[in-house]
Amino acid sequence: MRLVTFTLLALFSVSALAAVDMKKPTGKYVQQDNLFPKVKLVTSVGDITVELDRTRAPLAVNNFLSYVNIKAYDNTVFHRLEPEFVLQGGGYKPDLAPVDEFPAVFNESGNGAKNQLGSIAMARNNDPHSATSQFFFNLNDNTSLDPGRNWGYTVFGQVQDGFEVLEKIKLLETHTDEKTGWQNVPKQPIILKQVILQPEQ
């Protein structure tokens, strides 16, 4: 299954972030001299620490940190789980209302980083340059998501700690959500409580 099943909705939701100017991403100013910023994803299953890579995917990293900076990922859900493929989140609140989005970013999938086990990448629509807030963890070596004759999916970091959390998540049951008709939705909601930027080292 391509990563277009749970695409980002075009309409913005009304939320507490309404006062934020979503036309102006702010992540490029977050630890701007740090080429490898780290973030901790605090989930209802456990914590996952990810090292981001500005040397290969500066646009994707700055985009991701823009959402972290305004706490847009706090209290969202991982809405898609395919245990031998991907764990996808960053786009929806627990009631599956969409988060507000910054403008889409240019695809950097030709940066040499692979969609391998434990990497984090940007989700998108069919348009290769349509990635906004959603991201996914590769739960396998997904070479089909790397660029070939067509654009791939931009990898912008790697899990450093918390692989056991991903292994726990892979064991969770999924179902088809009655409200949306989406498949591969975790029966037990996987809450992303917050994403915390780690101090520079």
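The following dialogue examines a predicted model and the reasons behind several terms applied to it.

Trainee: What elements make up the protein, and in which order do they run?

Mentor: The protein has two helices and 10 strands. From the N terminus on, the order is β-β-α-β-β-β-β-β-α-β-β-β. Of the 201 residues in the protein, 53% are buried.

Trainee: Why is Thr76 called buried?

Mentor: Buried means under 20% relative accessible area. Thr76 has a relative accessibility of 0%, and therefore Thr76 counts as buried. This residue lies in strand 3, which covers residues 76-82.

Trainee: How far apart are Thr76 and Val99 in sequence and in space?

Mentor: In sequence, 23 residues separate Thr76 and Val99, while their C-alpha atoms are 8.3 Å apart in space.

Trainee: Is Phe106 buried, exposed or partly exposed, and what makes it so?

Mentor: Buried is under 20% and exposed is over 50%, with partly exposed in between. Phe106 has a relative accessible area of 48%, so Phe106 is partly exposed. Its place is in the loop between strand 4 (86-92) and strand 5 (119-122).

Trainee: Which residues form a nonpolar patch on the surface with Phe106?

Mentor: Leu59 and Trp151 form the patch together with Phe106, and the accessible area of the three together is about 310 Å². A residue of a patch needs over 30% relative accessible area.

Trainee: What makes a space a cavity, and how many cavities of 30 Å³ or more does the structure hold?

Mentor: In a cavity, a 1.4 Å probe fits but cannot get out, whereas a pocket is open. The structure holds one cavity of 30 Å³ or more, and the largest cavity has a volume of about 30 Å³.

Trainee: Which residues line the largest cavity, and how do they divide?

Mentor: The lining consists of Val105, Phe106, Asn107, Met122, Arg124, Pro128, Ala131, Tyr153 and Thr154. These divide into six nonpolar, two polar and one charged. Arg counts as charged, and therefore Arg124 is the charged residue of this lining.

Trainee: What is the volume of the largest pocket, and which residues line it?

Mentor: The volume of the largest pocket is about 150 Å³. Its lining is made of Pro25, Thr26, Gly27, Lys28, Leu59, Asn62, Asn63, Ser66, Pro103, Ala104, Val105 and Phe106.

Technical notes
Residues are numbered from 1 along each chain as its sequence is written. This is a predicted model: local features need pLDDT of at least 70, side-chain atom pairs count only at pLDDT 80 or more; totals for chains, interfaces and linings use all residues. Side-chain values use heavy atoms; hydrogens and water are left out. On a 1 Å grid over the protein atoms alone, a cavity is a set of points where a 1.4 Å probe fits but cannot get out, and a pocket is an open set with protein on both sides within 12 Å along at least five of seven lines; lining residues have an atom within 4 Å of a point. Grid points are joined across faces, edges and corners, and a volume is the space filled by probe spheres set on the points. Patches are made of residues with over 30% relative accessible area and no salt bridge: like charges are joined within 9 Å, nonpolar side chains (Val, Leu, Ile, Met, Phe, Trp, Tyr) within 5 Å. Accessible areas come from the Shrake-Rupley method with a 1.4 Å probe; for residues, only the protein chains shown count as cover. A salt bridge is a side-chain nitrogen of Lys or Arg within 4 Å of a carboxyl oxygen of Asp or Glu. Helices (H or I, at least four residues) and strands (E, at least two) are DSSP runs, numbered from the N terminus. Buried means under 20% relative accessible area, exposed over 50%, partly exposed in between (1.4 Å probe, protein chains only).
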